[in-house]
Amino acid sequence: MNILTGNDLATGDVIWWTGEGWSIHVNDAVDVGDKGAEIAQAESAARRVNEAYVIEGEKDNEGNVRPAHIKERIRALGPTVRLDLSLKPADPNAGNWVI
Amino acid sequence: MYQYDTYDQAMVDARVAEFRDQTQRRLDGQLSEAQFRPLRLMNGLYLQLHAYMLRVAVPYGTLSSKQMHMLAHIARQYDRDYGHFTTRQNIQYNWIKLADAPDILADLASVEMHAIQTSGNCIRNISSDQFAGVSADEIADPRPLAELLRQWSSFHPEFTYLPRKFKIAVIASQEDRAAMRLHDIGIELVKKDGEIGARVFVGGGMGRTPMVAPEIRAFVPFAEVVSYLEACLRVYNRHGRRDNKYKARIKILVHEMGREEYTRQVEEEFAHMKTLGLDPPLAELERIAAHFAPPPYETGLSDEIDLSDRDFAAWVSTQVKPHKVPGYAIVNISLKPIGGIPGDASSAQMDLMADLAEKYSFDELRVTHAQNIVLAHVKKADLYALWKALEEADLGTANLDLISDIIACPGLDYCSLANARSIPVAQKIAERFSDLGRQKELGELKLKISGCINACGHHHAGNIGILGVDRKGVENYQLLLGGSGAEDVSLGQITGPGFDENGIVDAVEKATNVYLANRTEGERFVDTFRRIGMAPFKEALYA
Ligand code: HEM
Ligand code: SF4
């Protein structure tokens with residue numbers, strides 16, 4: 001699946017396109033098919049996203065969306081060496097999600 | 001320390017106001033990202049893996065307590081309570097909001113700091129020796145020249161759009177603590193017939209094509225250094241390649257053109273430059289130098305240190321270095337606790353180090369290229385109290401220049417250019433060798449890790465270097481041996497096929513075992529490698 005990501009213009013937060021808006025959780029991301037560039041352009045023009053681009057996503061065994069490449073998985077989660085600052089601060093195994 | 005004059009302050013303040021306006025226009029939509037990107041980069045603001053990242057310049061690595069307190073304040077107020085000290089003696093914040101950036105720059109300007117020229121194809125922060133002004137072996141203090149070069153290179157109109165970034169280091173000792181010859185220009189202050197001048201090396205660097213800078217002139221009189229560097233940069237600006245980003249650094253020009261031809265053109269340009277009267281008058285040099293006058297040291301102090309506390313004695317033996325003034329010592333504060341993140345410091349740690357500098361070291365701190373902090377003028381009688389305070393804040397690790405004193409770039413945990421994570425590898429290696437006795441048994445061993453070929457973690461210059469690569473989406477690590485960034489500069493050689501994350505830790509251990517089995521009296525790891533060569537290491541690694 002193709003998922004669309006970028007950063008929030010003002011805060012810099014990593015965000016994912018949900019079909020209606022933007023979420024900081026990659027699990028909310030939807031398959032944009034071949035519409036990624038089009039959505040990116042419109043959303044960038046409206047300043048709801050910055051530096052948007054499409055990446056390859058996949059679903060894990062439980063059906064959760066995650067990026068196919070490790071770099072984007074770390075981007076989606078947060079630094080693996082500071083899980084306290086990641087999106088899953090309470091999950092000691094969060095780092096495994098990345099590998 | 002240098003203090004801004006009204007020109008310095010006015011320039012920095014004007015820049016803050018300009019950036020505030022630019023940021024507002026970006027947030028309002030009057031500027032597109034394509035228009036804004038170069039403007040924010042000129043102010044050190046990158047968009048990185050998780051958020052905006054701000055790189056703040058610490059000129060030649062020197063900070064006052066007040067400035068360090070401000071860095072702590074910024075981490076606390078605008079970031080997530082920590083910062084990362086880098087191999088170029090700067091600090092990076094990883095979680096900056098665009099809307100806050102102008103306020104941060106204003107806060108920095110209030111303590112004579114900025115983020116100007118910490119990105120882009122311009123002359124970056126000038127780096128120097130963290131022991132400047134206090135080591136017994138220096139022939140002069142390198143900081144006045146570094147400061148002069150800071151002023152010369154700040155907003156230099158001709159050198160704002162060079163073919164590529166440009167890094168300069170200045171040292172004044174034979175011992176090189178600044179990886180001088182791995183810079184675009186490296187300057188070593190030397191004495192000839194009683195006169196001080198610059199020995200100039202051009203065309204060093206790391207990245208994908210590492211090179212050690214060759215010497216292009218043995219002596220430039222101090223008063224003509226600016227003209228000479230101007231000539232070096234002019235020749236580069238004229239002929240450096242702009243068609244290919246990977247061939248754009250000056251090292252490629254010097255290499256392709258040849259050292260002789262490059263030097264010839266520099267000499268020709270230099271002869272012309274000297275007729276223009278660009279070099280600053282002696283009075284200006286003296287004005288700058290006066291800022292670096294030694295602090296009011298006490299005299300008649302004892303050189304005795306009570307080493308009856310064994311842990312304290314262990315710390316003294318690695319972290320404390322001789323000072324040129326009797327009764328004083330240079331203290332190295334490790335930002336490498338075992339299992340910690342190399343170079344990271346919390347706001348509380350920054351505040352504490354600033355307070356300790358105020359109390360014990362004439363208000364001054366230095367950042368080292370090895371991502372540690374130095375208090376340069378501590379009375380020997382104060383060492384015990386200082387150590388106690390550092391210990392309580394997890395800043396008392398005694399591992400300077402040992403295997404766990406690892407340089408590591410942010411890698412894939414923070415950097416969008418990365419291929420692999422650096423920090424977890426550093427942590428695992430430090431944990432594997434956590435026993436301090438074992439580390440000391442290994443002796444001086446500089447281990448350096450980069451998360452990609454850009455080599456921000458100096459892996460080419462590591463006695464043991466590690467380079468993270470991407471092998472079909474999986475992190476993989478190449479091992480290099482035999483590099484050095486010191487006066488015995490050399491580039492490491494790749495051992496062979498790479499290793500996975502646990503494999504690289506084992507590989508490092510095997511390499512140290514080969515060293516232990518082969519070393520002769522007094523040999524460091526790198527000496528043994530140079531003597532016995534790669535073969536025995538390869539055998540142990542790939543058998
Ligand atoms: C995370 C943001 C960073 C980015 C985007 C970045 C980017 C780069 C790039 C592209 C190069 C290669 C330049 C070339 O070969 O032409 C480079 C080199 C370098 N960077 Fe970084 N870097 C980052 C962080 C750091 C950090 C944290 C440090 C210090 C720990 C650092 C210090 C250096 C050094 C020392 C070099 C090699 C010296 C040389 O330029 O030859 N950088 N960086
Ligand atoms: S070496 Fe590569 S991974 Fe490490 S900070 Fe530099 S660009 Fe990023």
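This is a predicted model: local features need pLDDT of at least 70, side-chain atom pairs count only at pLDDT 80 or more; totals for chains, interfaces and linings use all residues.

Me: Which side chains meet in a salt bridge, and at what N to O distance?

Reply: One of the pairs is Arg37(B) with Glu51(A). Their side chains come to 3.0 Å, N to O. For a salt bridge, the cut-off is 4 Å.

Me: Which elements of chain B supply at least two residues each to the side that touches chain A?

Reply: Look for helices and strands here. They are α1 (6-28), α2 (33-41), β5 (91-96) and α13 (423-432) of chain B.

Me: How do the residues on that side of chain B divide?

Reply: Sort them by type. There are 17 nonpolar, 5 polar and 11 charged residues on the side of chain B that touches chain A.

Me: How many residues does each chain bring to the contact?

Reply: Chain B gives 33 residues and chain A gives 23. Between them the two chains bury about 2300 Å². Carbon and sulfur atoms account for 57% of that area. Polar contacts can be counted too: 16 residue pairs join chain B and chain A this way, both residues at pLDDT 80 or more.

Me: Which residues come nearest to ligand 1?

Reply: Of the 22 residues around ligand 1, the nearest are Thr87(B), Lys167(B), Met206(B), Arg249(B) and Cys456(B). Now check the atoms. The side chain of Lys167(B) has an N or O atom 2.9 Å from an oxygen of ligand 1. For the side chain of Arg249(B), that distance is 2.8 Å. Met206(B) uses a polar backbone atom, 2.8 Å from an oxygen of the ligand.

Me: How do the shells around ligand 1 and ligand 2 divide?

Reply: Ligand 1 has 7 nonpolar, 9 polar and 6 charged residues around it. Ligand 2 has 8 nonpolar, 4 polar and no charged residues. Among those around ligand 2 are Cys409(B), Cys415(B), Cys452(B) and Cys456(B).

Conventions:
Residues are numbered from 1 along each chain as its sequence is written. Chains are lettered from A and ligands numbered from 1 in the order in which they are written. Side-chain values use heavy atoms; hydrogens and water are left out. A residue is near a molecule or strand if one of its heavy atoms lies within 4 Å of it. Ala, Val, Leu, Ile, Met, Phe, Trp, Tyr, Cys and Pro count as nonpolar, Asp, Glu, Lys and Arg as charged, and the others, Gly among them, as polar. Contact means heavy atoms within 4.5 Å. Buried area is the accessible area (1.4 Å probe) that two parts lose on being put together, summed over both. A polar contact is a pair of N or O atoms within 3.5 Å; within protein, one must be able to donate a hydrogen and the other to accept it, and residues adjacent in sequence count only if both atoms are side-chain atoms. Helices (H or I, at least four residues) and strands (E, at least two) are DSSP runs, numbered from the N terminus.
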